[in-house]
Amino acid sequence: MPSQLTVFGWHNVESTWCFPVTGSGVSGLERQLRQLRRYANVVPLEQALDALREGRPLPPRAVALCWDDGYHDNLRLAVPVLEKLGLPGTFFLVPGLLSRESRAWWEVAGWAFARSSRDRVEWRGMRLFTRGQAGRLCYGKASDVLRVMSADAREEALADLLDRLAPEGHPGDEDLFLDWNDAHELIRRGFSVGSHTMRHVTLAQESPEAQLADLRLSRERLEGELDVPIRTVAYPFGQSDAVSEATREATLAAGYAHGLTTEFGWNTGTTPAAHGRRVMLDPHIGFVATLAGRVAGRLRTDRDR
Ligand SMILES: [Zn+2]
């Protein structure tokens, strides 16, 4: 049987404005990682992708672990668990967030809904409620719209949304993310790093030239600052509207060996190098529930950002 690699991906460990975690995220994560260590063979992501590509065998039930976005609790909470269990992990980082030059719009928008001074607002022809369950649903509707915009268009639409929601206070979003010192610490502690683009852009919504420029710059910036080769990119919001043929071409042209989507599935030797598949998980939702939900197409793909 040809080798297969399942890549499991996470984001934040504990609750954020955008993505609440019920219960203890870190105990959920530890439970998941212990199960993987027991039932699968956890291998380093990049070496395993290289092996698949070159036709070298992988151990049976090979899995690799990664985290997107560079949430600070990845270092604070996930890394100690990985170290305790002796497991390798890869962190896909956004230089703009590490240097505080960009903001995580999904968190800012999540905060603006949670702290809105209005009960409901009109925005781009939609009526958006802000309180309770309806507020969460409307936040989801707004982020679906923002997600499929180019970075420039999104900036304008988000500013308009924030004006209307008129939230009180400050989101504290900077504290949610790693900085460059933290990224160095990941490397020092033996973990791997990849690119998640310069500003967490929805690549396919940008021109082919802009995609290439971003992919190249994010690789060079991470390599320059961290002094490690950057050979893998995880595409932000990596579903079909975020990854196009131009994205895959730009990935290889920008010098990456591997590109990973959030398309559900596993990888074999024939999986395209710039279109790897992953299984995105929440720390507080068990494997069985996640996999069953994904297969049935019932679980929303909020976590695919
Ligand atoms: Zn992301």
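Predicted model: local features only at pLDDT ≥ 70, side-chain atom pairs only at ≥ 80, totals over all residues.

Me: How many salt bridges does a search of the whole structure find?

Reply: Side chains of opposite charge can pair when their charged atoms come close. Going through the whole structure for such pairs, the count of salt bridges comes to 19.

Me: Which parts does the salt bridge between aspartate 50 and arginine 231 tie together, and how far apart in sequence are they?

Reply: The two side chains meet with N to O at 3.0 Å. Aspartate 50 belongs to helix H2 (residues 45-53), while arginine 231 sits in the loop between helix H9 (208-226) and strand E8 (232-234), so the parts tied together are separated in sequence by 181 residues.

Me: And is aspartate 50 buried or exposed?

Reply: The cut-off for buried is under 20% relative accessible area. Aspartate 50 has 15%, so it counts as buried.

Me: Where do glutamate 225 and arginine 221 lie?

Reply: These two form a salt bridge, with their closest N and O atoms 3.7 Å apart. Glutamate 225 is partly exposed at 33%, and arginine 221 is partly exposed at 23%. They are four residues apart, about one turn of the helix, and both lie in helix H9.

Me: What is the distance between the closest N and O atoms of glutamate 263 and arginine 277?

Reply: Glutamate 263 counts as partly exposed at 29% relative accessibility, and arginine 277 does too, at 27%. The pair forms a salt bridge, and its closest N and O atoms are apart by 3.3 Å.

Me: Now the metal: which residues are the protein donors of the zinc ion?

Reply: In sequence the donors follow the spacing D-x126-H-x3-H. They lie 2.0 to 2.1 Å from the zinc ion, and they are Asp69 (OD), His196 (NE2) and His200 (NE2).

Me: How many residues apart in sequence are the parts that aspartate 69 and histidine 196 tie together?

Reply: Both of these residues are buried. Aspartate 69 is in the loop between strand E3 (62-68) and helix H3 (72-85), and histidine 196 is in the loop between strand E7 (192-195) and H9, so the sequence separation of the parts they tie together is 127 residues.

How values were computed: Residues numbered from 1 in each chain as written. Heavy atoms only, no water. Salt bridge = Lys/Arg side-chain N within 4 Å of Asp/Glu carboxyl O. Helix = DSSP H or I, 4+ residues; strand = E, 2+ residues; numbered from the N terminus. Buried < 20%, exposed > 50% of the residue type's maximum accessible area, 1.4 Å probe, protein only. Donors = N, O, S within 2.8 Å, 3.2 Å for Na, K, Ca; no water.
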